[in-house]
Amino acid sequence: MTAMTRRLCWLVMLPVLAACQSRQPPPTDVEVATAWADLTLRITQTTPANSPTYASRCLGYTGLTMYESVVAGHPGYRSLGGRLNGLAPLPQPEATASYHWPSALNAGQAFILKSLYNQTSDENKRRIDSLEQMITERFSATVDNARLQRSAAYGQAVARHIFTWSKTDGGHRGYLKNFDKRFRLPERPGGWKPPLYAQSFSHYPLHPHWGRNRTFLADNARLEAPAMIPYDTSRNSPYFLQFLSVYQKDKTLTMAEKECAIWWGDDPDETFTPPGHSYYLATRAIHQTQPSLIRCAETYARVGMAVADAFINCWKWKYLFFSERPNTFIPEHIDPQWNSFWPEPPFPAFPSGHAIQAAAAATVLTDLYGEQFALVDSAHADRPRDRLRDVAFRPRQFGSFWQIAEETALSRFYGGIHTPQDNEAGLQKGRVIGQNINALPWTHRPEASAAAASGNR
């Protein structure tokens, strides 16, 4: 049983465990933060009308709420109120009152999750309530009730403020409008067409207006579009050679390359989506380093906002170029019988969403935890073998976060759904988006970051 599976099993048993919390010691800062991250991913995976676009948005607001609910208790760190795109200064704690910051985080996460995922199942809502109650009861043995209640009220006030702001970004309840049936597909040479071998039955592309949403950072809304190779079906043209490379690789896929393609598929019908995978990797980094509460919260805030802004920009450019995928070009110009190894998602190709969000996440995680960071990704290790493609899910080892980003992008090339230029543009722009997140004024002084990383409070 993998670590992720054990934690999810623990979440399933929350109603049973809640009855005996007084006998258990208070949870550590890492346990509180990662328990909420695990439940966030479970809800992402099991909530109807799941999509990578909407999931990335929710992770952005959930991570930011975690950070803002505790930042006031950590001298040296700054609130991002007034520094993000339209976010007004947040509620402040009473200057003379005492707060228990893990409890503020606990209440804030419960509030924001139920608000963002109001369409989730009653069972998931009970899981949220049970986790909040369990953590509160475990702290009640060592923290007085008035302080607990004050801290919870503060966390809820922060979450309410952020949720109110979220409703004006253009993506509020985006799960109700995944496919716009009034949208007219542009007719142009090299334009995207609804695929026959696809992840969705819809003949309309996913969230065609998502690129108009407000980014977390204004700077990320001002990025220039990547350059795309001009359409040209001549057999030796750069455009043709992009698709030819996909076709040729499909003919020589090794088992290791097939495993890579399957691992990073993160089909929203079955998993916590690609941005959820990045959030999971943040949890892996936290478990390995055991940082302070503020560093845990900062990690989720950076990753969440990075993948959210990555998807907004990616979708803006996808619908700007409205480019075809290999499943359209190759049967028309190379091999009429060809199908990709991985089914095509229901939206245009350029640039790659996998690549851009993975690069954005890798950039912020590298800034937080270093260039060289060895970890094992076990996110899908407990999944049964993919019998359709006869491929197993095996944990993957990495020596850096950027290595993860590059493999994530490459997996879509192996899957036959992205050309090299889709991935290269995604990696390049994702890095810039992550750098902009890193450049936010997270701390008042450089030494605060080092102290947080070591676990000092």
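Biologist: Where does Ser400 have its place?
Modeller: This is a predicted model: local features need pLDDT of at least 70, side-chain atom pairs count only at pLDDT 80 or more, and totals for chains, interfaces and linings use all residues. Residues are numbered from 1 along each chain as its sequence is written, and side-chain values use heavy atoms, with hydrogens and water left out. Helices (H or I, at least four residues) and strands (E, at least two) are DSSP runs, numbered from the N terminus. Ser400 is in the loop between strand S2 (396–398) and helix H15 (401–414).

Biologist: Is Ser400 buried or exposed?
Modeller: Buried means under 20% relative accessible area, exposed over 50%, and partly exposed in between (1.4 Å probe, protein chains only). Ser400 has 13% relative accessibility, so the class is buried.

Biologist: Which residues is Ser400 in contact with, leaving aside its neighbours within four places in sequence?
Modeller: Contact means heavy atoms within 4.5 Å. With neighbours within four places in sequence set aside, the partners of Ser400 are Glu371 and Phe373.

Biologist: What is the phi of Asp390?
Modeller: Most residues other than glycine have a negative phi. Asp390 lies in the loop between strand S1 (375–377) and S2. Asp390 is not a glycine, yet its phi is positive, at about 55°.

Biologist: Which residue meets Asp390 in a salt bridge?
Modeller: A salt bridge needs a side-chain nitrogen of Lys or Arg within 4 Å of a carboxyl oxygen of Asp or Glu. Asp390 is partly exposed, because its relative accessibility is 45%. At 2.9 Å, N to O, Asp390 meets Arg385.

Biologist: Which residues do salt bridges that share partners join into one network?
Modeller: The count comes to 16 salt bridges. Shared partners tie one network together: Arg295, Glu298, Arg302 and Asp367.

Biologist: How far apart are the closest N and O atoms of Glu298 and Arg302?
Modeller: Glu298 and Arg302 are 4 residues apart in helix H12, so about one helical turn separates them. Both Glu298 and Arg302 are buried. Their salt bridge has its closest N and O atoms at 2.6 Å.

Biologist: How many residues apart are Lys251 and Asp335?
Modeller: A salt bridge joins Lys251 and Asp335, with the closest N and O atoms 4.0 Å apart. It links distant parts of the chain: Lys251 in helix H9 (residues 238–251) and Asp335 in the loop between helix H13 (326–333) and helix H14 (353–369), a gap of 84 residues.

Biologist: Why does Lys251 count as exposed?
Modeller: Asp335 is buried, because its relative accessibility is 15%. Lys251 is exposed because its own value is 52%.

Biologist: What are the planes of Phe183 and Tyr319 to each other?
Modeller: Rings of Phe, Tyr and Trp (its six-membered ring) pair if their centres lie within 6.5 Å; planes under 30 degrees apart count as stacked, over 60 as edge-to-face and the rest as tilted. The whole structure holds 27 aromatic pairs. For Phe183 and Tyr319, the centres are 6.0 Å apart and the planes lie at 90°, so the pair is edge-to-face.

Biologist: Which helix holds Tyr319?
Modeller: Both Phe183 and Tyr319 are buried. Phe183 is in the loop between helix H7 (145–166) and helix H8 (218–221), 136 residues from Tyr319, which is in helix H12 (residues 293–321).

Biologist: The charged end of which residue sits over the ring of Trp315?
Modeller: A charge sits over a ring if NZ of Lys or CZ of Arg is within 6 Å of the ring centre and within 35 degrees of the ring normal. Arg150 does this at the ring of Tyr99, 6.0 Å from its centre. Over Trp315, at 5.4 Å from the ring centre, sits the charged end of Lys318.

Biologist: Which cysteine sulfur is nearest to that of Cys58?
Modeller: A disulfide is a pair of cysteine sulfur atoms within 2.5 Å. The structure holds 0 disulfides. For Cys58, the nearest cysteine sulfur is 18 Å away, in Cys314.

Biologist: What is the omega of the peptide bond from Phe350 to Pro351?
Modeller: Pro351 is in the loop between H13 and H14. The peptide bond from Phe350 is cis, with omega near -5°.
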